[in-house]
Amino acid sequence: MCELMGMCFAKPVMASVSIQAFSQRSQENADGWGLAWYPDRALAMVKQPVRWSVQTNQFLEHYPGLLSSIYVAHVRQRTTGSAPTHADTHPFARELNGRDYCFAHNGTLTGEFWQRPLGRFKPIGATDSEYFFCLLLAELESFAHVTDEIAEARHTDPAQNNGRIGAEERWRWLHRFLLHMNGYGRLNCILSDGERLLVYHDMHGWKNLTYRNVYLQQDAEQTFGDATVAVNLQAQPVNHGVIVATNPLSIEGWERFSAGEMKILCQGNVAFSARSRLLETKEPAPPQTEPVPAAPGAPRSSVLTGVKANAVHGLG
């Protein structure tokens, strides 16, 4: 099966994935590997449609720019598409509202899922994973337009709300969307906008997803390893974070996600967590609340009634 890994720290850390460990796990996931990180506001990424190799690890261990507070990693065992290609290799990346998003998926989505309209985002490859990423970005963009119009009606700056996984209202709405899309198959995924990490576990509990809180002392190196995977982290200042992995990377300290659970990680902490309600799989709709007053002289089309008034707060 494919395997996911994500890391979110309060401060940037250097990270390297040991070849001996990771290559053993990639023997069953030999259709591609990828690693994405944010050295600054922009996304950096390396990936190949082949099995992880010694040369790969040597490159990453000595790459001077491998410093970030957020990482997303993936090794792939393909379930759709033809022979492995770079276009079908995770993570996937797109720009939305001036932010670089990256996405990695474990599972398979089928059926009418493929008939859902994508909007302006189009897949480059042939995987259900990238198709779903495009759907998810279209939903995020739609929500951003709603909050922008509310901000305009309230005489605030819409630019402050763009391109980020944000306030609790949006997070709950995203959770409902993921639960609905999970109805098309199996869905474990990681999404980042460079500031936060969204992690979701399949509502039927398919495969596995775990997390662990990490505390790094000054000038200390901390290693997580088992027979198949080792992740080395080193940080100079005192630092803390959360590591997410399909399977635990060490013997102790890991907790399992609940089926249908979504977590938002930010600055090394769990900022938000929501669990599944068994019947909460229908298409998400904006909550019905009192209409937001329009700005004086604004056309009535700019008045939105579908989002709570506090949805414009805390979006970035």
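**Notebook: sheet, rings and one loop**

I began with contacts (heavy atoms within 4.5 Å): among those in the protein between residues at least 6 apart in sequence, 71% join residues at least 24 apart. This is a predicted model, where local features need pLDDT of at least 70, side-chain atom pairs count only at pLDDT 80 or more, and totals for chains, interfaces and linings use all residues. Residues are numbered from 1 along each chain as its sequence is written, and side-chain values use heavy atoms, with hydrogens and water left out.

**Entry 1: totals.** I looked up the secondary structure and found four helices and 15 strands. Helices (H or I, at least four residues) and strands (E, at least two) are DSSP runs, numbered from the N terminus. The protein has 316 residues, and 53% of them count as buried. Buried means under 20% relative accessible area, exposed over 50%, partly exposed in between (1.4 Å probe, protein chains only).

Entry 2: I traced an open, antiparallel sheet of six strands, in the order β5-β6-β7-β8-β14-β15. Its edge strands, β5 (92-96) and β15, each pair on one side only. Pairing needs at least two DSSP bridges between two strands. On average, neighbouring strands are turned by 20° against each other, direction ignored. Axes are lines fitted to C-alpha atoms, for helices over the stretch in contact, and angles run from 0 to 180 degrees between N-to-C directions.

I then went strand by strand. Five bridges join β5 to β6, and Arg94 has Tyr101 as its bridge partner in β6. The hairpin of β5 and β6 has two residues between the strands, and Asn97 takes a positive phi near 55° there. Five bridges also join β6 to β7; Phe103 is partnered by Leu191 in β7. Seven of the eight residues of β6 are buried, so the strand is largely enclosed by the rest of the structure. At the other end I checked β14 (residues 262-266), which five bridges join to β15. Leu265 stands opposite Val270 in β15. Helix α4 lies across β7 (188-192), β8 (196-200), β14 and β15, at about 35° to β8.

**Entry 3: rings.** How many aromatic pairs does a search of the whole structure find? I got nine. Rings of Phe, Tyr and Trp (its six-membered ring) pair if their centres lie within 6.5 Å; planes under 30 degrees apart count as stacked, over 60 as edge-to-face and the rest as tilted. Phe103 and Phe132 have ring centres 5.7 Å apart and planes at 55°, so this pair is tilted. Phe103 is in strand β6 (residues 99-106) and Phe132 in helix α3 (residues 128-153), 29 residues apart. Both are buried. Trp171 and Phe272 also form a tilted pair, with centres 5.3 Å apart and planes at 45°. Trp171 lies in α4 (residues 168-182) and Phe272 in β15 (residues 269-274), so the pair ties together parts 101 residues apart in sequence. These two are buried as well. I also noted a cluster of Phe103, Phe132, Phe133 and Phe177, linked by ring pairs.

**Entry 4: Arg41.** I placed Arg41 in the loop between β2 (33-37) and β3 (44-48). Arg41 is exposed, with a relative accessible area of 52%. Its C-alpha atom is 6.5 Å from that of Gly194, 153 residues away along the chain.
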